[in-house]
Amino acid sequence: MGDLYTKPMAKASSLRRGLSPTIWSQSSITEISIGGLTEGFGFVDDFLAFDDASARWLLTNATSGTAAMDTAEKGGAVLLDAGAVTLNQGVQIQMGGAVAASSFIASATSKIYYEARVKISTIGSTTGQIFVGLSEVLATLFAGGANTSTNHIGYEIFNTTAMGLHSEKAGSRDSSAAAHTVVDGTYVKLGFVVDGLTKVTPYVNGVAKTAITLVTAIPIVEMTPSFVCKAGATTRPVLSIDWVACYQVEQIAN
């Protein structure tokens with residue numbers, strides 16, 4: 001692991017591809033990754049391979065949409081293609097296998113660290129419908145042009161380039177402002193840190209944004225890494241996922 005997580009953040013003009021030190025230097029990712037499971041649990045998926053029939057990701061379609069490896073991407077990436085320009089049609093994946101399962105549950109004694117490197121392409125003027133983050137297991141995360149998950153923390157857009165991080169607990173949702181403006185075909189690192197049950201801090205390319213402190217909007221049920229890519233009225237967006245990492249730092253009782 002070296003000093004990857006303790007190096008100072010590179011300046012914007014030399015932004016690195018990997019995990020943002022400003023997020024991960026706070027965590028126990030190195031210890032957990034080499035077997036120190038007393039400190040917590042988690043994973044990094046660099047998408048060197050993808051199979052929705054495997055034990056890791058469950059794919060669900062809303063009429064159209066596909067998920068497949070990008071054969072032209074050095075280092076691996078999976079493409080979520082909405083598959084049509086028909087409004088609300090597209091695809092989602094959730095971690096957990098053939099029957100999606102959840103492992104990440106916020107608590108007063110834990111911190112959850114999440115980050116993914118993604119880009120959205122062919123967005124046109126209306127962008128599409130995108131989600132990047134954690135959610136409860138749900139066969140249709142987006143329906144009718146809205147996020148139907150009642151427990152989630154993640155970045156989303158609905159037919160706009162203004163992307164915000166939102167948190168929702170049992171149907172009670174925050175009203176946070178936009179954290180990032182999507183640029184067609186340009187990678188961005190989207191991350192957040194869930195600090196106990198009191199704060200969620202967004203990070204875009206390793207830079208902290210305004211935190212969510214509405215405790216009634218921080219979910220306390222099982223969630224799993226989730227991605228959605230659905231069409232806008234006139235666009236067929238493609239969400240490229242270069243990698244995703246999620247770790248929960250908590251000493252779980254035996």
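Buried residues are those with under 20% relative accessible area, exposed residues those with over 50%, and partly exposed residues those in between (1.4 Å probe, protein chains only). The structure is a predicted model in which local features need pLDDT of at least 70 and side-chain atom pairs count only at pLDDT 80 or more, whereas totals for chains, interfaces and linings use all residues. Residues are numbered from 1 along each chain as its sequence is written, and side-chain values use heavy atoms, without hydrogens and water.

Two residues other than glycine have a positive phi. Phenylalanine 47 adopts a phi of about 50° in the loop between β1 (40-45) and β2 (57-62), strands being DSSP runs of E of at least two residues, numbered from the N terminus. With 0% relative accessibility, phenylalanine 47 is buried. Threonine 63, with a phi of about 75°, is located in the loop between β2 and β3 (66-69); its relative accessible area of 72% makes it exposed. Most residues other than glycine have a negative phi.

Glutamate 156, in strand β10 (residues 152-158), counts as buried because its relative accessibility is 7%. Its side chain forms a polar contact of 2.6 Å with that of arginine 173, such a contact being a pair of N or O atoms within 3.5 Å, where within protein one must be able to donate a hydrogen and the other to accept it, and residues adjacent in sequence count only if both atoms are side-chain atoms.

Key: Helices (H or I, at least four residues) and strands (E, at least two) are DSSP runs, numbered from the N terminus.
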